[in-house]
Amino acid sequence: MSHSVLVCDDAIFMRTMISDILAQAGFEIVGEAETGSQAVEKYRQLKPDLVTMDIVMPDMGGIDAVREIVKNDPDAKILMCSAMGQQALVVEAIQAGAKDFVVKPFQPSRVLEAVQRVLG
Amino acid sequence: MDLSQYAELFLAESREHLSACNQLLLEWERRPAAPEPVGGIFRAVHTVKGMAATMGYARVADLAHRMENLLDHLRRGGQPPADDIIQLLFRATDALEKAVDLAVAGRERDADVAGVAADLDRAMARLAPDKPREEHEVVAAPPPDVGGGGRLIQVVLRPEAQIKGGRAMLIIRKAQSLGAVQGIAPSPAAFEAEDFDGRFAFRLDSARTVAEIEAAVRSVGDVERVTTSGGEGDDERMAPAEGGAAGGAGRSRHIRVDLRRLDSLMDLIGELVTTRGRLNDLASERKDPAIDDVAIQVSRLSADLQAEIIQARMTPVWQVFDRFPRLVRDVARQLDKQVAFKVEGKEIELDRAILDELGDPLVHLLRNAVDHGIEAPAERKKRGKKPEGEIVLSAVRERSSVAISITDDGRGIDRAQVLAKALREGLVEPHTESLSDDQLLRVLARPGFSTATQVTNVSGRGVGIDVAMTKIRALGGSIEIRTQPGKGTSFVLRLPVTLAIVRALIAAVGTERYALPLTYVAETAEFGAIAMTTMEGREAMVLHDRVVPLVHLRNLLSVVGDAPAPRRPVIVLEMGERRTGVVVDGMLGQQEIVVKGFEAPQGTLPVFSGATIMGDGVPALILDAAGLL
């Protein structure tokens with residue numbers, strides 16, 4: 001059975017691209033979220049195998065969303081999507097419980113490698 | 001990976017974010033102490049940066065990155081920004097917008113961002129002189145000699161690894177899953193620094209074998225070298241495997257569709273509607289109930305389909321209006337005027353094709369309002385007005401049209417001055433003593449007519465109202481003007497809600513058929529059965545106690561042939577306050593028509609707005625209500 005993914009990013013562009021990369025690799029995109037609070041809510045509803053999480057989002061940011069999700073599900077597999085120059089935020093996200101990260105601009109191969117690592 | 005397929009999406013979304021940037025900058029400029037705008041601007045620019053980098057648009061990403069640096073600093077500082085910083089951010093937003101457009105057009109190299117990028121860096125250096133810049137020397141390697149029990153693990157990350165601190169943190173976390181970690185050097189705080197060079201060490205007290213530990217560290221990725229020394233031991237256990245399953249609900253319910261696809265859908269449905277008309281005609285000839293049934297069903301289905309597609313094309317006006325606050329501000333600034341700009345009815349929807357065409361005319365009218373309408377602050381004070389003028393842009397849905405008005409509380413249009421100039425140029429009958437609103441508009445809309453005593457680079461070049469008017473008319477709309485000296489001017493644009501398919505009355509004149517869009521048809525009456533009078537020397541009828549001037553289509557179109565019946569239909573057109581009765585030979589009923597663009601041959605009367613194909617395949621001209629009024 002293919003792994004289910006929740007894609008969280010405030011940009012439709014990014015969501016589309018990540019979804020395309022993952023869908024082409026056989027993942028099932030079960031939901032999308034535009035804000036951190038939506039991500040938390042959708043995670044609760046959908047219980048996806050994997051979450052891709054943008055760091056900077058309106059309303060609730062990605063790191064707070066990671067904290068919320070991990071609080072309820074310590075095994076949550078969250079892959080952070082970061083831009084260059086967000087070193088400190090990435091470190092913070094990992095301390096909050098994110099399992100790995102990829103750096104924009106995305107190379108599909110690197111995204112898939114990271115996904116494989118997160119899913120073990 | 002083929003990125004071109006994402007270019008449109010990138011463009012559309014970047015524009016949204018940049019439009020948001022402009023809105024927020026305006027808000028920030030008004031209230032520099034407010035903390036909210038900068039966060040929003042930062043996020044918008046950040047998003048554009050990420051998308052641009054993904055598309056491989058290096059200049060766009062670089063400019064966004066510099067803006068982001070400055071914004072991040074401002075965001076953290078919490079201090080109200082100086083005005084020149086806001087102006088710089090406006091300029092940078094413009095440059096970014098231009099760079100985005102050029103990049104998508106495949107001409108990123110033409111984007112000139114160096115100047116504004118340098119200004120951003122200078123501003124940054126001024127605001128945060130001590131803040132480390134992009135490049136600087138690499139911090140020395142961490143001391144490998146860390147104390148504590150267990151094995152000493154030394155890790156060097158690949159030089160090309162991105163966000164090395166994040167990777168290092170992941171390795172630490174991985175190690176923690178194997179045993180107790182201590183003596184991390186440099187301290188994890190150093191991982192957060194941009195200049196962390198990817199070399200670190202820690203002690204791990206674990207029962208795992210060296211091979212297992214090193215494999216675990218490498219599995220995190222981006223590891224160039226890992227060395228283990230000291231300690232001993234070996235053992236069991238594997239990382240827990242993953243199980244995969246989940247529900248499939250909760251997909252997002254919006255997709256983006258290429259506009260061209262909607263256009264071609266609309267064209268196809270247009271053809272379908274025409275074909276449906278032919279089917280209906282055939283069915284009524286055959287008088288076969290079975291064919292009638294099918295024809296009725298096809299009619300219903302295609303009507304539903306058409307309604308759906310028209311709805312899909314509807315776009316809220318804010319998509320065009322949102323850039324106007326910035327425009328009005330810029331123009332006002334340039335002219336040293338104070339203007340409060342209000343937008344009402346942002347959510348009103350129009351066909352995308354109409355909305356796209358509306359931008360230019362509105363830009364022109366808004367510039368005019370600031371330049372010619374609103375007085376300078378000193379002059380306003382002298383007249384007992386607030387120094388700050390007001391311009392309201394509003395959209396209101398009417399019966400089957402949308403009225404968009406631009407109203408200023410400025411000086412109004414000087415009719416005497418316009419009249420004098422119009423008389424001089426022979427635009428009105430000699431001895432005309434005053435101009436009605438309609439006449440005024442007609443004079444103002446003469447190509448090249450301008451009353452601006454000085455040509456500014458904002459407006460007053462004498463092009464404009466005529467161009468705006470032509471465009472609005474081509475869209476099947478109309479412009480009205482109302483102006484009062486000292487109180488202000490209001491332009492009202494009326495537009496059909498959708499372009500492509502309209503319901504029309506089909507009228508016969510001579511041997512031809514003409515279509516009159518129902519949008520502007522108020523009612524019908526019967527010529528020859530109704531009281532007649534005259535109005536300003538023109539033939540008119542009295543309808544509901546109002547005098548309505550008449551136009552005989554027969555005369556207007558110079559139709560010869562048999563005299564028409566003494567009693568014949570009058571179609572009453574209405575646009576705003578104005579009404580006109582159009583006398584035709586006969587009425588053939590209502591029908592949906594597919595509007596086709598129409599290049600009027602030279603010398604054609606300006607009363608046609610397009611053409612359509614009737615059910616029998618014969619073309620008919622569409623009468624332009626605005627032209628007849």
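How many residues of chain B are in contact with chain A? In this predicted model, 41 residues of chain B meet 44 residues of chain A. On the chain B side, the elements that give two or more residues to this contact are helix 1 (7–30), helix 2 (36–55) and helix 6 (164–176). Helix 2 of chain B supplies the largest share, with 8 residues. By residue type, the side of chain B that touches chain A consists of 17 nonpolar, 15 polar and 9 charged residues.

Ile163(B) sits in the loop between strand 1 (151–157) and helix 6 of chain B, and its phi is near 50°, a positive value in a residue other than glycine. Ile163(B) has 28 other C-beta atoms within 10 Å, and because 20 or more count as buried, this residue is buried.

A positive phi of about 50° is also found at Ser558(B), again not a glycine. Ser558(B) belongs to the loop between helix 18 (553–556) and strand 18 (568–575) of chain B. Here the C-beta neighbours inside 10 Å number 8, so Ser558(B) counts as exposed, the limit being 12 or fewer.

Cis peptide bonds come next. In chain B, the bond from Ala185(B) to Pro186(B) is cis, with omega near -5°. Pro186(B) lies in the loop that runs between strand 2 (180–185) and helix 7 (188–191) of chain B. In chain A, Lys104(A) and Pro105(A) are joined by a cis peptide bond whose omega is about 0°. The loop between strand 5 (100–103) and helix 5 (108–119) of chain A holds Pro105(A).

Technical notes: Residues numbered from 1 in each chain as written. Chains lettered and ligands numbered in written order. Predicted model: local features only at pLDDT ≥ 70, side-chain atom pairs only at ≥ 80, totals over all residues. Contact = placed C-beta atoms within 7 Å. Helix = DSSP H or I, 4+ residues; strand = E, 2+ residues; numbered from the N terminus. Nonpolar A, V, L, I, M, F, W, Y, C, P; charged D, E, K, R; others polar.
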